[in-house]
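Keep the sequence and the model side by side as you read.

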Amino acid sequence: MGYSDQRFDVNLSILFTELPLLERPAAAAAAGFTAVELWWPWTETPTPAQAELDALKKALDDAGTQLVGLNFYAGRLPGPDRGAISLPGEESDRFRANIDVAADFAASVGCKALNALYGNRVEGVEPAVQDELALENLVLAARAAHRIGATLLIETLNDTESPLYPLVSAPAGIEVVDRVNEATGLGNATFLLDLYHLSMNGEDLSQVIKAYAAKTGHVQIADNPGRGAPGTGSLPLERLLDELTEAGYDGWVGLEYKPGDRPSAESFDWLHAEHRPAR
């Protein structure tokens, strides 16, 4: 049990960022990993040129890495933004312009999970107005994900690092998941269970796992405090991953941690090389 029976992938938007985007899949492969995930790589545009999409697909293919998770357009991330779906006006329009672009790219590389970050609260806009817009956009995103046989992920963050983000508890995220599934009837909206964010919010992680493993479509980890690699903080990540397995979760576990002061390739010493390739 522990780390040896998990399906790990590397988030290339937080690890290997010392390298240009197109060099990161090969770097992950050189470190022994065969599965990766990404935040939306083009923070300035929801609709990059086809040549840029093709170049990323080629980099993934050439490295022999499988993309297993992709964010829809989410604004400036990393940066001040936390998604676009609940932001009235231009950002919502940009998200909608991105939906089919992201879904089609995901389909082209066999990616089966698309994450739609909710977006920050906007001063002067009623929360109910933002929530209604978010639901409209999530319904569109769920239908696009369904078209390519993928799941839609809903993620909760933590209120220390994202004080304007409204989904900062597991129940809040699950409520949105249920609302989307009720609206579409597709059942493909799922919870992105991030053990780091949930721990930052002081939640009982074992209880969250018991309650929501069946509605979880993706898991991400980092240690706490510090958002570093497993073993750099105090979270019992091996035990928690065992609890997820016991609760029936058999999906991907995304490594979404900061490598610290060392190169990303040196931050995997907690995981034996034979356990890095996807199974």
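**Spaces inside and out**

The structure holds 2 cavities of 30 Å³ or more. A cavity is a set of points, on a 1 Å grid over the protein atoms alone, where a 1.4 Å probe fits but cannot get out. Grid points are joined across faces, edges and corners, and a volume is the space filled by probe spheres set on the points. This is a predicted model, in which local features need pLDDT of at least 70 and side-chain atom pairs count only at pLDDT 80 or more, while totals for chains, interfaces and linings use all residues. Residues are numbered from 1 along each chain as its sequence is written, and side-chain values use heavy atoms, with hydrogens and water left out.

Take the largest cavity. Its volume is about 60 Å³. The lining has 13 residues, and E37, G69, L70, N71 and Q220 lie nearest the centre. Lining residues are those with an atom within 4 Å of a point. Helices (H or I, at least four residues) and strands (E, at least two) are DSSP runs, numbered from the N terminus. Strand 3 gives the largest share, 3 residues. By class, the lining of the largest cavity has 6 nonpolar, 6 polar and 1 charged. Here Ala, Val, Leu, Ile, Met, Phe, Trp, Tyr, Cys and Pro count as nonpolar, Asp, Glu, Lys and Arg as charged, and the others, Gly among them, as polar.

The second largest cavity holds about 30 Å³ of space. W39, W40, T43, A74, G75 and L77 line it. That lining has 4 nonpolar residues, 2 polar and no charged.

Now turn to the largest pocket. A pocket is an open set with protein on both sides within 12 Å along at least five of seven lines. About 280 Å³ of space lies in the largest pocket. Its lining has 16 residues, with W39, L77, R82, H197 and R227 nearest the centre. Charged residues number 6 in this lining, alongside 6 nonpolar and 4 polar. W39 and L77 also line the second largest cavity.

The peptide bond from L77 to P78 is cis, with omega near 5 degrees. P78 sits in the loop between strand 3 and helix 3. Another cis bond runs from N224 to P225, again with omega near 5 degrees. P225 is in the loop between strand 7 and helix 8 (237-246).

R227 lies in that loop between strand 7 and helix 8 too. Its phi is near 55 degrees, a positive value in a residue other than glycine. R227 counts as buried, at 11% relative accessibility. Buried means under 20% relative accessible area, with a 1.4 Å probe and protein chains only.

F16 also has a positive phi, of about 65 degrees, although it is not a glycine. F16 is in the loop between strand 1 and helix 1. This residue is buried because its relative accessible area is 2%.

I14 lies in the loop between strand 1 (7-11) and helix 1 (24-30). I14 is buried as well, at a relative accessible area of 10%.

P25 lies in helix 1. P25 counts as buried, at 1% relative accessibility. The C-alpha atoms of P25 and K58 are separated by 10.0 Å, and the two residues are 33 apart along the chain.

Helix 3 (residues 90-109) has 20 residues. The expected span of a helix is 1.5 Å times one less than its number of residues. Helix 3 bends by about 35 degrees at N98. The bend at a residue is the angle between axes fitted to the seven residues ending there and the seven starting there. N98 is also buried. Other buried residues of helix 3 include E91, F95, A102 and F105. An α-helix has 3.6 residues a turn, so residues three or four places apart point the same way.

Finally, the record. The UniProt annotation, from an unreviewed entry, reads "domain: Xylose isomerase-like TIM barrel" and covers residues 26-272. UniProt positions are given in the numbering used here, feature names are shortened, and annotations may be inferred rather than shown by experiment. Over residues 26-272 the chain is 40% helix and 14% strand. The end C-alpha atoms of that stretch are 19 Å apart.

Key:
Buried < 20%, exposed > 50% of the residue type's maximum accessible area, 1.4 Å probe, protein only.
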